[in-house]
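Please walk me through this protein as someone who has not seen it before.

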Amino acid sequence: MLSLRARVFGWLWSRPYLLLTFTALFWAGNSLVGRAARDVMPPVALAFWRWTLALALLLPFAWPHLSRDLGDLRKDWKWVLVLGTLGIGTFNTLLYTGLQVTTAVNGLLLQSMQPVLILLLGAAVFREQVGLPQLAGIVLSLSGALMIILGGDLSALIRLEFNSGDLVICAAVVVWSIYSVLLRKRPAVHPLSFLAATFVVGIAMISPFYIAEIASGRLIENRPESWLAISYVSLFPSLIAYLFFNRGVELLGSAATSLYLNIMPVIGALLAAVVLMEPIGWYHFIGMGLIGLGILCAVRKRYKAAAHPAHFASRR
C-alpha cells in the first residue's frame, strides 16, 4: 500500500498546471531574492554560489547519464561552451547586477519581453517566417518595455535618462533570448547531462568575475539573509523548478507550457509589491498590458501548432 507521501506526490505529479504555477512562482522568486539580498549579497557572488551548490545537488542524479554522454558533449563542446556561457554564466549575473539598482517589479516585467525577442531572433538567425501579427506583437511588447523603462515619462527618452539597472536587465533579456534560440544546437544528450555540463561552463565563466568582485572588497556578509538567499536560488529556481517544468512539458507539450509560464512576471510583480513593498505605478500596468498583447499577437499561430518536445532550458 502506498504511503501518504507517495500518494500526495503522485497526485501532484499528475497536475501540470499546479506544477507550472509552482515553477512560475519559484522563477519569480529568483528576481525577488536577487533584489532583496542586494545589500548583503554581491551579484556575482550570488550567481557563483547559486550554480555551484546547484551543481553539487544535481551531480548525484546526473552522473550516470553524464558518464555515458561525455563523448557527445566533447564532440559538441563549442555549443556546450556557448550555451553554458550565455544561459548560466551571463544571464543570471546580469540579472542580479541589474537588480542591485532597479526594482524587482521592473526586472520581472522586462523579462516578459523574452517570447517576442526569441521570435524575432529566430527569424533573423534561422530564417523563421514572421508575419504581420508577429510584427505587431514585437512593436507592442517593445512599447510596453519602453513604458516601464521610462517610468511613464516620455521626456526621459529625449533627455536619454534611463535607470541603469533596467538597461542591464534588458541586456540580460537579450542574452537569454539568444540562448533560447541557439538551444536547437544543443547536443543530443540526456537533459541532466546537458544541464550539468552547462553548469560547469557557467561556473568557470563566472569565477574570474567573482575573484575580481572579492578583490574589489565586495564580500558576502555573514548574516542569515545571505545564506537563505543562496539556499533558495540553488534549490528552488535552479532544480525543483526545472523538474516541474519538464513534467509540465511532458503532460501539456512545450507550446502550452511556455504560454502558461507567461504568468511569471505578473505573479512576481504582485509578490514584489506585497513582500518587498515596491510601488506599482500606472505605467507598470500599461507596460504589462502592452507586453501581454504583444505576446498574444506574436505567438498566436505558434500555439495553435502541434506541440513539439522542448529542450531542457537553464531558465532563470
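Helices α2 and α13 cross in a right-handed manner; a crossing is right-handed if the near helix is turned clockwise from the far one by less than a right angle, and left-handed if anticlockwise. The model is a predicted one, in which local features need pLDDT of at least 70 and side-chain atom pairs count only at pLDDT 80 or more, while totals for chains, interfaces and linings use all residues. Residues are numbered from 1 along each chain as its sequence is written, and side-chain values use heavy atoms, with hydrogens and water left out.

The protein has 14 helices and zero strands. Helices (H or I, at least four residues) and strands (E, at least two) are DSSP runs, numbered from the N terminus. Of the 316 residues in the protein, 48% are buried. Buried stands for under 20% relative accessible area, exposed for over 50%, and partly exposed for values in between, with a 1.4 Å probe and protein chains only. Among contacts in the protein with a separation of 6 or more, 90% are between residues 24 or more positions apart; a contact has heavy atoms within 4.5 Å.

Back to the pair α2 and α13: the angle at which they pack is about 50 degrees, and their axes are 9 Å apart. Axes are lines fitted to C-alpha atoms, for helices over the stretch in contact, and angles run from 0 to 180 degrees between N-to-C directions. The two helices are therefore oblique to each other, since angles under 35 degrees count as roughly parallel, over 145 as roughly antiparallel, 65 to 115 as roughly perpendicular and the rest as oblique. On the α2 side, A24, L25, W27, A28 and L32 meet M264, I267, G268, L271 and A272 of α13. By class, this contact of α2 with α13 has nine nonpolar residues, one polar and no charged. Here Ala, Val, Leu, Ile, Met, Phe, Trp, Tyr, Cys and Pro count as nonpolar, Asp, Glu, Lys and Arg as charged, and the others, Gly among them, as polar.

Helix α2 (residues 16-36) also packs with helix α4 (residues 77-98), at an angle of about 50 degrees and with axes 8 Å apart. That angle makes α2 oblique to α4. The crossing of α2 with α4 is right-handed. N30, S31 and G34 of α2 meet N92, L95 and Y96 of α4. By class, the contact of α2 with α4 has two nonpolar, four polar and no charged residues.

Next comes the core. A nonpolar core is a set of buried Ala, Val, Leu, Ile, Met, Phe, Trp, Tyr and Cys residues joined through side-chain atoms within 4.5 Å. The largest one has 76 residues, of which M41, L46, W51, L58, M113, Y179 and F199 touch the most other members. Helix α3 (residues 43-75) gives the largest share of this core, 12 residues. Leaving out residues up to four places away in sequence, M41 touches L46, Q100, I220, S226 and I230.

Two single residues remain. L235 lies in helix α11 (residues 224-252) and is partly exposed, with a relative accessible area of 33%. L235 and R50 are 185 residues apart in sequence but 8.3 Å apart in space, C-alpha to C-alpha. M277 lies in the loop between α13 (264-275) and α14 (282-304). Although M277 is not a glycine, it has a positive phi of about 60 degrees. M277 is exposed, with a relative accessible area of 66%.
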